[in-house]
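Thank you all for coming; please look at the model on the screen while I talk. I will go through the two chains in turn and then stop at a few places.

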Amino acid sequence: MQAVRQVSGRAYPWGAKNIDTDVIIPAHWLKTITRAGLGRGAFETVRAQPGNVFDDPAYAGSPILIAGDNFGCGSSREHAAWALGDLGIRAVIAPSFSDIFSGNAFKNGIIPVVLPQDAIDRLIEVVKASGGTEAITVDLETMTVTTPFQDRFVFALDPFRRQCLMEGLDEIGLTLARDTAISKFEAMLDEHRPWIAGETDASIAVEGAGRT
Amino acid sequence: MASRPFTLYEKVWAAHVVERRDDGTCLIYIDRHLVHEVTSPQAFEGLRVAGRRVRRPDLTLAVPDHNLPTTARVDAAGDELPIADPDSATQLAALRRNVAEFGVPYIDALAAAQGIVHVVGPEQGFTLPGTTVVCGDSHTSAHGALGALAFGIGTSEVEHVLATQTLLLSPSKTMEVRVEGKLGFGVGPKDVILAIIGRIGAAGGTGYVIEYTGNVIREMSIEGRLTVANMSIEAGARAGMIAPDDTTFAYIKGRPMAPTGADWDKAVAWWRSLASDPGAVYDRTVVIDANEIAPALTWGTSPEDVVSITDTVPAPDSFADASKREAARKSLDYMGLTPGTRLQDVPVQHVFIGSCTNSRIEDLRAAAAVAQGRRVADGVRAMVVPGSGLVKRQAEAEGLDRIFTGAGFEWREPGCSMCLAMNPDKVPPGERCASTSNRNFVGRQGPGARTHLLSPAMAAAAAVTGRLADVRELMTETGNA
Ligand code: SF4
């Protein structure tokens, strides 16, 4: 996972509430084989409407999305976070998130920033007033969201998750950091349960000489 | 030092703890990882993006099953036939590419050993007692039949296991389900597990790992135990386990990936030590009287909606719980059933004998014994889908295929088939299927499909009578009537 200390740039001033994972990425995108490319399906139904925020040239390509309450509700599909990431979004600012979505966002290096509704309203106002020309900054060092107009909103994050984001540690990376312990366990296995390890030759499987 | 008695689950768990954290979660080593085409592509992609490798390809085995059509796979010239659905074709091609790139042992769609992951694992000797087994499919619980701790995982966890060969887990509570007594005539392992789920409920096992004990389980073949453990997840349990015994060892010995020589002796000695100690304490114990189990089936859209074949469709008001009454009303509406109807009067249009629950050789023998000398009823489409190419070959050597085809059943290539509506084998909307699979959820066998779960013998009985039927009326105590 890529480390993220600061996300700075334009933002989608959306503000919609209760955006579920079906809106983020419709179900027919789930029979895919990659995470990449899901950006094309992101917000498909929203983008089918003329004048939508995602295709407005003032905002297109923004790394920040400003949304309403309960963002990412619905199914547990990790495809929602993959789709946002593929769209280039690195931070979502909303008054609240579904638990599963925010977990999936962290796993994929996207910062879920929780701010009260009046802060959301102000940010949307700033973005719209400047026609997308002024940058908003989400900073994990100072735990603030700032605008060029002296706005400064403080947010909170689980310290462990904050550290993971800032150091680019995903769950796999964290476990791999325990490599010595895993290797020690494997040495124990080789000694006490030698039948667990298989041939390293990938061709062992298998024209069926076996039985049912 | 005298230690307290431990359960099978506690022993296998303890034997796989790499590290224990302060909050009680443990980094658990995974001995066996089964991979199929549907839940693995994004996991392999994640490895590629992060520049990671598969830590232990030798503990991993990939085989396609979910998407694969069960029609002929090669043409008359022996050339591979294309797969019509482009998404399925893409997922299957991705698996072939990924296993080659990451060096993962792979059983190809065209290999004789290909089959459903949960049939292939035990059959190849990949699944062993006392191992931890995972797969991106919830019915991984099946492997617990051999004394493994086996459970399904999601795509992120698939990637985690590929990269680290471990998972971060919290320990489960333990539940003993003891089945004692004598199974009646015409009653088998599927009836036993349906009766268990009917008794404890579809959420009754939530938070638990079940251990199945009692003389009925001990006397069961490995095929039967696999059927029972397979459906542990339908009772909400994380996993289901059965202590390994001589039946288990005899089943495993000589399989392609099973230990040999000195390793075999050492393994068996360790496996024997895994059985729950006398006096081991479970968080909950449920005792089932085998004498009371009749040929069973489901009437609704939850696997807990279990009745015996001699019953009638229950009335929603017969349930004490208000939410269950509401659920029952919805189920009956979806299933197109009226309370009070005799189940034996309900006609079926489809019969599916297959899935990782009931597609092994004993299942096919049981179904063939009922089909022999009979005809599939008019208006019924009946298919038999062996769980693997080796099961298929064995059945053909025994002449079972000719019994089935002679009776008017379709005899197909191995795969998940009509268990889930992901490949071309589907039940059309509003039509009814007697199915040996494990899930009767709304839409599971196709949008609007109506599923009744039952045993292979009961499925065959439904095929030849054209309705849900009591298999005992088609058998004598000595065999086919
Ligand atoms: S047969 Fe059904 S339950 Fe079994 S692995 Fe295939 S889809 Fe899953």
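Before anything else, a definition: when I say that two residues touch or are in contact, I mean heavy atoms within 4.5 Å. What you see is a predicted model, in which local features need pLDDT of at least 70 and side-chain atom pairs count only at pLDDT 80 or more, while totals for chains, interfaces and linings use all residues. Residues are numbered from 1 along each chain as its sequence is written, chains are lettered from A and ligands numbered from 1 in the order in which they are written, and side-chain values use heavy atoms, with hydrogens and water left out.

Let me begin with chain A, whose secondary structure comes to eight helices and eight strands; helices (H or I, at least four residues) and strands (E, at least two) are DSSP runs, numbered from the N terminus. Its radius of gyration is 22 Å, well over the 17 Å that the globule rule gives for 212 residues, so chain A is more spread out than a compact globule. That radius is taken over C-alpha atoms, and the rule is 2.2 Å times the number of residues to the power 0.38. Along the principal axes, the C-alpha atoms of chain A fill a box of roughly 70 × 40 × 25 Å. Of its 212 residues, 50% count as buried, a word that means under 20% relative accessible area, as against exposed at over 50% and partly exposed in between, with a 1.4 Å probe and protein chains only.

Chain B, by contrast in topic, has 15 helices and 20 strands. How does its radius of gyration stand against that of a compact globule with 481 residues? The globule would have a radius near 23 Å, and chain B has 22 Å, which agrees. Its C-alpha trace spans about 60 × 60 × 45 Å along the principal axes, and 63% of its 481 residues count as buried.

Now to some places in chain B, starting with helix H2 (residues 41-50), which is mostly covered, with seven of its ten residues buried. Among those buried in H2(B) are Pro41(B), Phe44(B) and Leu47(B). The cover over the buried residues of H2(B) includes helix H3 (79-87) of chain A, together with strand E3 (32-35), helix H3 (86-102) and helix H5 (155-164) of chain B. Just after H2(B), Gly51(B) takes a positive phi of about 70 degrees.

Next comes Thr248(B), in helix H9 (residues 246-252) of chain B, which counts as buried at 0% relative accessibility. Not counting residues up to four places away in sequence, Thr248(B) touches Pro129(B), Leu146(B), Ile222(B), Arg225(B) and Ala243(B).

Glu234(B) sits in the loop between helix H8 (222-230) and strand E10 (239-241) of chain B, and is buried, with a relative accessible area of 3%. Which side chain does the side chain of Glu234(B) join in a polar contact of 2.5 Å? The partner is His139(B); a polar contact is a pair of N or O atoms within 3.5 Å, where within protein one must be able to donate a hydrogen and the other to accept it, and residues adjacent in sequence count only if both atoms are side-chain atoms.

Finally, Trp411(B) belongs to strand E16 (residues 410-411) of chain B, and is buried at a relative accessible area of 17%. Its side chain makes a polar contact of 2.8 Å with the side chain of Glu396(B).
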